[in-house]
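Q: Can you walk me through this model? I'd like to go from the overall picture down to single residues.

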Amino acid sequence: LLFASEINSGEKMQSYFKLTNDLDMQNYKYTPAAVFNGVFDGDGHTISGFYENKTVTSLSSGVGLFGLVTNGTIKNLTVEGKIEHTFKTSSNYGNRVGGVAGVVRGGTIENVVSNVEIVIEDDTSKRAHWVTGGIAANVTGSTIRKCKNLGNITGGAGTGGICGETDASTTVENCLNSGSITSLYDMAGGIVSKGSGTVIENCANTGNITGATSVGGIAYGNQ
């Protein structure tokens, strides 16, 4: 996508992008927008065919349609696709994997639907110990509102239908998860896995939740 290449080149990290049509990414080799602090308005359109096969060889900041969102906004968008998280390392490396964004810092994700399946492959040594979320994996100082996750999510550590891990300065409100959520080695939550005092309001989960250590229909570990 042109917007991702322009962001990664440093040209338009703070720009305003607006989709004017649905976008099919099938058979398109996509490099995620690494650091984004602008506005991406889907204007009610769908990005489909999004596919990423991320082979883990070292620690990465974030994996998703957007790798890292810092003081940026993503809104009015539906994302459909699949992320395969493949492990070929003997160390406890991993990636924060989100259907829409890997990491969000001081950002807003609003009115976004994720129908992105996330799976872990070839982790025979059980090295996948970073968080995974249907919308975003690791979120601090941000607002996630009016979002839905429809995709089935398998993560190694903390895995949530909307967010994997959030902090006390984050609000998650009016969100719904209907995907099946599985944490292979740790905790799982229908909305948030590890909340750390996050404000969660008017959220619902209808998906099956499975965790190796503990589970929560809405959240686990939100203290």
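**Surface, rings and core**

A: The chain exposes about 9,100 Å², and carbon and sulfur atoms supply 42% of it. Those accessible areas come from the Shrake-Rupley method with a 1.4 Å probe, and for residues only the protein chains shown count as cover. This is a predicted model, where local features need pLDDT of at least 70, side-chain atom pairs count only at pLDDT 80 or more, and totals for chains, interfaces and linings use all residues. Residues are numbered from 1 along each chain as its sequence is written, and side-chain values use heavy atoms, with hydrogens and water left out.

Q: How many helices and strands does the chain have?
A: One helix and 27 strands. Helices (H or I, at least four residues) and strands (E, at least two) are DSSP runs, numbered from the N terminus.

Q: What share of the residues counts as buried?
A: 52% of the 223 residues. Buried means under 20% relative accessible area, exposed means over 50%, and partly exposed is in between (1.4 Å probe, protein chains only).

Q: And what share of the contacts joins residues at least 24 apart?
A: 80%, counted among contacts between residues at least 6 apart in sequence. Contact here means heavy atoms within 4.5 Å.

Q: Switching to rings, how many aromatic pairs are there?
A: Three aromatic pairs. One of them is Phe36 with Phe66, a tilted pair at 5.3 Å centre to centre with 35° between the planes. The rule is that rings of Phe, Tyr and Trp (its six-membered ring) pair if their centres lie within 6.5 Å; planes under 30 degrees apart count as stacked, over 60 as edge-to-face and the rest as tilted.

Q: What kind of pair do Phe40 and Phe66 form?
A: An edge-to-face one, 5.6 Å centre to centre with 70° between the planes. Phe40 lies in strand β4 (residues 39-56) and Phe66 in β6, so this pair ties together parts 26 residues apart in sequence. Phe40 is buried, as is Phe66.

Q: Which residues do the ring pairs link into a cluster?
A: Phe17, Phe36, Phe40 and Phe66.

Q: Back to β6: is it mostly covered or mostly open?
A: Mostly covered, with four of its five residues buried. β6 also pairs with strand β9 (residues 101-105) in the parallel sense, over four bridges. Two strands pair if DSSP finds at least two bridges between them.

Q: Which residue in β9 is the bridge partner of Val69?
A: Val104.

Q: OK, the largest nonpolar core. Which residues touch the most other members?
A: Leu65, Leu77, Ile109, Ile135, Ile144 and Val172, out of 40 residues in that core. A nonpolar core is a set of buried Ala, Val, Leu, Ile, Met, Phe, Trp, Tyr and Cys residues joined through side-chain atoms within 4.5 Å. β4, β6, β7 (73-87), β9, β10 (108-121) and β12 (136-140) each supply at least two residues of this core.

Q: What does Val172 touch?
A: Not counting residues up to four places away in sequence, its contacts include Ile144, Ile162, Cys163, Ile191 and Cys203.

Q: Is Asn138 buried or exposed?
A: Buried, with a relative accessible area of 8%. Asn138 is found in strand β12. Leaving aside neighbours within four places in sequence, Asn138 is in contact with residues including Arg96, Val104, Val131 and Glu165.

Q: Last one, where is Ala212?
A: In the loop between β25 (209-211) and β26 (214-216). Ala212 is partly exposed, with a relative accessible area of 48%. Ala212 and Asp186 are 26 residues apart in sequence and 5.1 Å apart in space, C-alpha to C-alpha.
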